[in-house]
Amino acid sequence: MKPILTIQILLIFILFGCVNNDEFTESIFIDTEELNTDSPTYEFDIWLNNNFLKPYNLSFKYKMEDVGSDMYYNLVPSSIEKSKQLAQLTKFLWFDVYAKMVDEEFLKKYGPRIIHLIGSPAYSPNSGTMKLGTAEGGIKITLFNCNSLDYSNISMLNEYFFKTMHHEFAHILHQTKMYPKEYEQISAGDYSPMGWQYISSNDAARLGFVSSYSASEAQEDFVEMIANYLVKNDSDWNNILDSAGDEGREKITKKLEICSSWMNEKWGIDIQQMRNEINKRQLQINKDFFDPNL
Ligand SMILES: [Zn+2]
């Protein structure tokens, strides 16, 4: 957890039966508004169409829609500058990685249909928690706090955005092809659906969890393992193992082995290679990475 955050970060995923059986079709957004050539965002909108809508049937929504967001929270839209950055980063660090390491069809078939950006965090006044993202049925992913995006801070990018994306995507995959039941035995008895937010990262590691949220239930544990392993560099991953102690480390290692075999056998994905690719790309993010013409 970042020290600047004085409240617990709550990662809530709202799942409504997550299996995404939506076969790729020409476009499910055929009725979306025609692009306006006079609009100051015209170039960006074209880019989104060419990079997400056409190839992946994905509507990348950066203009906040009240009907598509939770009215419970006080939310502001994502700025155009941050939206452009996050769109390019999403393509480079997620979609292009799968296209290269698996094939282009993979995210066409299993990826989300909507990514919705929100500028502000979603604080819950009652629980004192902050929501990083939500995912609804594997179809729509909402990302909060986009106006805080700092491309020079990879840890922050991972914590707020990319871990969330890989987390949700791993849900879609395990709901399509189940992981081995033996995974759930490793930490059986240590899951705390109601109390996980009171478990510190260090205590979680000692119990064999890579994050506090992993301790909420086995499915969350499974996807947190994959998401954290994919986005964290060696140094950050080793920090978790170091704080885990012998017992925690043994559990984390065993869980990772199961995740790794499952990814390989069920999906033909070498998790180590994919992680190397993501780590390599993360190091290429700097001010020159972004297209100045968007
Ligand atoms: Zn989840």
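Predicted model: local features only at pLDDT ≥ 70, side-chain atom pairs only at ≥ 80, totals over all residues.

Me: Why is A215 called buried?

Reply: A residue is buried if 20 or more other C-beta atoms lie within 10 Å of its own, exposed if 12 or fewer, and partly exposed in between, with C-beta atoms placed from the backbone. A215 has 25 within 10 Å, so it is buried. It sits in the loop between α6 (201–206) and α7 (218–231). Buried residues make up 37% of the 294 residues in the protein.

Me: What makes a residue a contact of A215, leaving aside its neighbours within four places in sequence?

Reply: Two residues are in contact if their C-beta atoms, placed from the backbone, lie within 7 Å. With those neighbours left aside, A215 has contacts including D190, Y191, W196 and F209.

Me: Why is α2 called oblique to α4?

Reply: Helix α2 (residues 80–101) and helix α4 (residues 154–176) pack at about 55°, their axes 11 Å apart. Axes are lines fitted to C-alpha atoms, for helices over the stretch in contact, and angles run from 0 to 180 degrees between N-to-C directions. Under 35 degrees counts as roughly parallel, over 145 as roughly antiparallel, 65 to 115 as roughly perpendicular and the rest as oblique. The angle of about 55° therefore makes α2 oblique to α4.

Me: And which residues make that contact of α2 with α4?

Reply: L86, L89, L93 and W94 come from α2, and L157, F161, F162 and M165 from α4. They divide into eight nonpolar, no polar and no charged; here Ala, Val, Leu, Ile, Met, Phe, Trp, Tyr, Cys and Pro count as nonpolar, Asp, Glu, Lys and Arg as charged, and the others, Gly among them, as polar.

Me: What makes α4 oblique to α7?

Reply: Their axes come within 8 Å and cross at roughly 130°. That angle makes α4 oblique to α7 too. The residues of this contact divide into eight nonpolar, seven polar and two charged.

Definitions and conventions: Residues numbered from 1 in each chain as written. Helix = DSSP H or I, 4+ residues; strand = E, 2+ residues; numbered from the N terminus.
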